[in-house]
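Me: Please take a close look at the strand pairing in this model. I would like one connected account, with the criteria stated.

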Amino acid sequence: MLFAGAHGPGLKAADQMLKISVTEGEGAFHDTKRRLGYDIGVEVKNERGEPVANAEVTFILPTFGASGSYDNGSQTYKTSTDAQGRARSLGFKPNAIDGRFTVKITAAAEGRQGQTTVSQINSGAVKAVTQSTGSGGGKSKLILGLAGTGATVALLVSRLAGGGNGGSSNPSRPPTTLSVGGISVGGPR
């Protein structure tokens, strides 16, 4: 169906929606013991794929169960996109309840709206190990998260700033091994 007037001649209502892309924070593990959380980054674009500056972006946390709050104690954080259409939540702290939860994200600008969700996990059993990757001076961050009753084990490896050694090994240093209970993760053999 085509609409005229406020939507413009010949444009579908779906073409007037803002598109929100999550750039960071999808699947993040939050440390409930130390109350350390990760913020969410998004990009907001219009129907032509162009960044939308000054769009109001709202991050909405669940009101019960696994969740958290922002620095002001609220479960809602509002901000605006920059000139490149980017925005991020700031100051998230997980609550003490372990489990999965979903953050609802909305964006609004010039009569257009969009929304998306981000899945995240609170866990009291999050471990982080940072190690050198060799002569390139880069670092890798290994995060081992155990969620629920131990049935779910997730292993995430991400590269941090500083490059790396292009995948070559350092023969003078043995690989790092991490053991948790009966689970052991080590370097290649």
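Reply: Two strands count as paired if DSSP finds at least two bridges between them. Strands are DSSP runs of E with at least two residues, numbered from the N terminus. This is a predicted model, in which local features need pLDDT of at least 70, side-chain atom pairs count only at pLDDT 80 or more, and totals for chains, interfaces and linings use all residues. Residues are numbered from 1 along each chain as its sequence is written, and side-chain values use heavy atoms, with hydrogens and water left out.

By these criteria, strand 9 is joined to strand 10 (residues 112-123) by eleven bridges, and the two run antiparallel. Within this pair, R100 has I121 of strand 10 as its bridge partner. The hairpin that strand 9 and strand 10 form has two residues between the strands, and E110 there takes a positive phi near 50 degrees. Strand 9 (residues 99-109) also pairs with strand 4 (residues 56-60), in the antiparallel sense and over five bridges. Here E56 stands opposite A108 of strand 9.

A further set of strands forms an open sheet: three strands in the order 1-3-7, with antiparallel pairing. Strand 1 (19-24) and strand 7 (86-88) are at the edges and have a single partner strand each, so one side of each lacks a neighbour in the sheet. On average, neighbouring strands of this sheet are turned by 30 degrees against each other, direction ignored; the axes are lines fitted to C-alpha atoms, and angles run from 0 to 180 degrees between N-to-C directions. Strand 3 (residues 41-45) pairs with strand 7 over three bridges, in the antiparallel sense, and V42 stands opposite A87 in strand 7.

Key:
Helices (H or I, at least four residues) and strands (E, at least two) are DSSP runs, numbered from the N terminus.
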